[in-house]
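Dear colleague,

Please find below the structure that I am handing over to you. My notes on what was found in it follow directly after.

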Amino acid sequence: MGRQRRLVTGPLRRALALRDGGCAFPGCDRPPRWCAAHHIRHWADGGPTSLENAVLLCGHHHRHLHQTEWAVRLGGDGTPEFVPPAWLDPDQIPRRNHYHRRT
């Protein structure tokens, strides 16, 4: 998709659902159908629409990510991880959602 499209649909949406299993925010159990794709590097800032730049988030956590100092990135294994703000965790240890993991 790259920069041609902003919205995540079709095969890319299915790939996100398979990878994330639902809302990727730590501890959230919302299924993929309740989630929207979030660009890790915002599309307006030049971020591509790709699996490597997207994560599924429920409405609550999507708004939370935009309105707070939490950050999201993909870990070395391609799994979304969330970095809490320093006031919450001075060490800013990344957190993952283990609810949807099939292992």
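F82 lies in strand 4, which covers residues 80-83. Please keep in mind that this is a predicted model. F82 counts as buried because its relative accessible area is 0%, and buried means under 20%. Leaving aside its neighbours within four places in sequence, F82 is in contact with A24, F25, P26, V55, L57, L65, W70, A71, V72, I93, P94 and R95. E52 is 30 residues from F82 in sequence, and their C-alpha atoms are 15 Å apart in space.

Which residues form an aromatic cluster? F25, W70 and F82 form one. A search of the whole structure finds 2 aromatic pairs. Both F25 and W70 are also in the list of contacts of F82.

**The overall fold**

The protein has 2 helices and 4 strands. Read along the sequence, these elements follow the pattern α-β-β-α-β-β. The C-alpha trace spans about 40 × 35 × 25 Å along its principal axes.

Among contacts between residues at least 6 apart in sequence, 51% join residues at least 24 apart.

Helix 1 comprises residues 10-20, and its buried residues are L12, L16, A17, R19 and D20. An α-helix has 3.6 residues a turn, so residues three or four places apart point the same way. In helix 1, L12 and L16 are among the buried residues. What covers the buried residues of this helix? The cover includes strand 1 (35-39), strand 2 (54-58), strand 3 (71-74) and strand 4.

In the segment before helix 1 lies T9. T9 is partly exposed because its relative accessible area is 36%, which falls between the limits of 20% and 50%. T9 and A37 are 28 residues apart in sequence, while their C-alpha atoms are 9.1 Å apart in space.

Helix 1 is followed by G21, whose phi is positive, near 80 degrees. Most residues other than glycine have a negative phi. Q92 has a positive phi of about 45 degrees although it is not a glycine. Q92 is placed in the segment after strand 4. With a relative accessibility of 34%, Q92 counts as partly exposed.

**The cavity**

Rolling a probe the size of a water molecule over the atoms shows where empty space is left. How many cavities of 30 Å³ or more are found in the whole structure? The search finds 1. The largest cavity has a volume of about 50 Å³. Its lining consists of D20, C23, A24, T79, P80, R96, N97, H100 and R101. By class, this lining has 3 nonpolar, 3 polar and 3 charged residues.

D20 lines the largest cavity and is one of the buried residues of helix 1. A24 also lines the largest cavity and is in contact with F82.

With kind regards

How values were computed
Residues numbered from 1 in each chain as written. Predicted model: local features only at pLDDT ≥ 70, side-chain atom pairs only at ≥ 80, totals over all residues. Heavy atoms only, no water. Phe/Tyr/Trp six-rings, centres within 6.5 Å; stacked < 30°, edge-to-face > 60°. 1 Å grid on protein atoms, 1.4 Å probe; cavity = no way out; pocket = protein on both sides within 12 Å on 5 of 7 lines; lining within 4 Å. Points joined across faces, edges and corners; volume = space filled by probe spheres on them. Nonpolar A, V, L, I, M, F, W, Y, C, P; charged D, E, K, R; others polar. Contact = heavy atoms within 4.5 Å. Buried < 20%, exposed > 50% of the residue type's maximum accessible area, 1.4 Å probe, protein only.
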